[in-house]
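I opened the notebook on this chain today.

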Amino acid sequence: METLAHNAPMLAAAQRAGFTVEGTLRNAAWAYGGFADEVVLGLLVEEWTAAGRP
């Protein structure tokens with residue numbers, strides 16, 4: 001998943017769900033009249049099932 005780097009609530013929710021920050025795409029998104037960084041997060045199926053999720 002991707003979200004803007006300044007979107008702290010979304011980053012926190014994704015990390016609570018088990019997602020890991022994979023990297024940052026600098027100045028990759030046009031938002032609010034300027035460029036902003038995007039954070040890329042990932043979750044492998046092995047991580048999902050290891051956490052006891054179906």
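In which sense do β2 and β3 pair, and over how many bridges? I found them antiparallel, over eight bridges. Strands here are DSSP E runs of at least two residues, helices are H or I runs of at least four, and both are numbered from the N terminus. Two strands count as paired if DSSP finds at least two bridges between them.

**Ground rules.** I am working on a predicted model, where local features need pLDDT of at least 70, side-chain atom pairs count only at pLDDT 80 or more, and totals for chains, interfaces and linings use all residues. Residues are numbered from 1 along each chain as its sequence is written, and side-chain values use heavy atoms, with hydrogens and water left out.

**Confidence.** I checked pLDDT, the predictor's confidence in each residue, from 0 to 100. The chain averages 94, and 98% of the residues score at least 70. Helix α2 (residues 45-50) has the lowest confidence, at a mean of 88. The highest is in β3, at 98.

**Sheet.** I traced an open sheet of three strands in the order β1-β3-β2, with antiparallel pairing. β1 (2-4) and β2 are the edge strands; each has a single partner strand, so one side of each lacks a neighbour in the sheet. The twist averages 30° from one strand to the next. Angles run from 0 to 180 degrees between N-to-C directions, and axes are lines fitted to C-alpha atoms, for helices over the stretch in contact. β1 and β3 pair over three bridges, also in the antiparallel sense. There I noted glutamate 2 opposite valine 40 in β3.

Helix α1 (residues 8-16) lies across β1, β2 and β3, and runs at about 10° to β3.

**Positive phi.** Most residues other than glycine have a negative phi. I listed two exceptions. Asparagine 27 has a positive phi of about 50°, and this residue lies within strand β2 (residues 20-31). Tyrosine 32 has a phi near 55° and lies in the loop between β2 and β3 (34-42). These two strands form a hairpin with two residues between them, and tyrosine 32 is in the turn. I looked up accessibility as well: buried means under 20% relative accessible area, exposed over 50%, and partly exposed in between (1.4 Å probe, protein chains only). Tyrosine 32 is at 77%, so it counts as exposed.

**Aromatic pair.** I searched the rings of Phe, Tyr and Trp (its six-membered ring), which pair if their centres lie within 6.5 Å; planes under 30 degrees apart are stacked, over 60 edge-to-face, and the rest tilted. The count came to one pair. Tryptophan 30 and phenylalanine 35 have ring centres 4.9 Å apart and planes at 80°, so the pair is edge-to-face. Tryptophan 30 is exposed at 58%, and phenylalanine 35 is exposed at 56%.

**Glutamate 38.** Is glutamate 38 buried or exposed? I read a relative accessible area of 17%, so this residue is buried. Glutamate 38 lies in β3. Contact means heavy atoms within 4.5 Å. Leaving aside neighbours within four places in sequence, its contacts include Glu2, Thr3, Leu4 and Ala5. Also among them are Gly23, Thr24, Leu25, Ala28 and Ala29. Arginine 26 is 12 residues away along the chain, and the C-alpha atoms of arginine 26 and glutamate 38 are separated by 6.5 Å.
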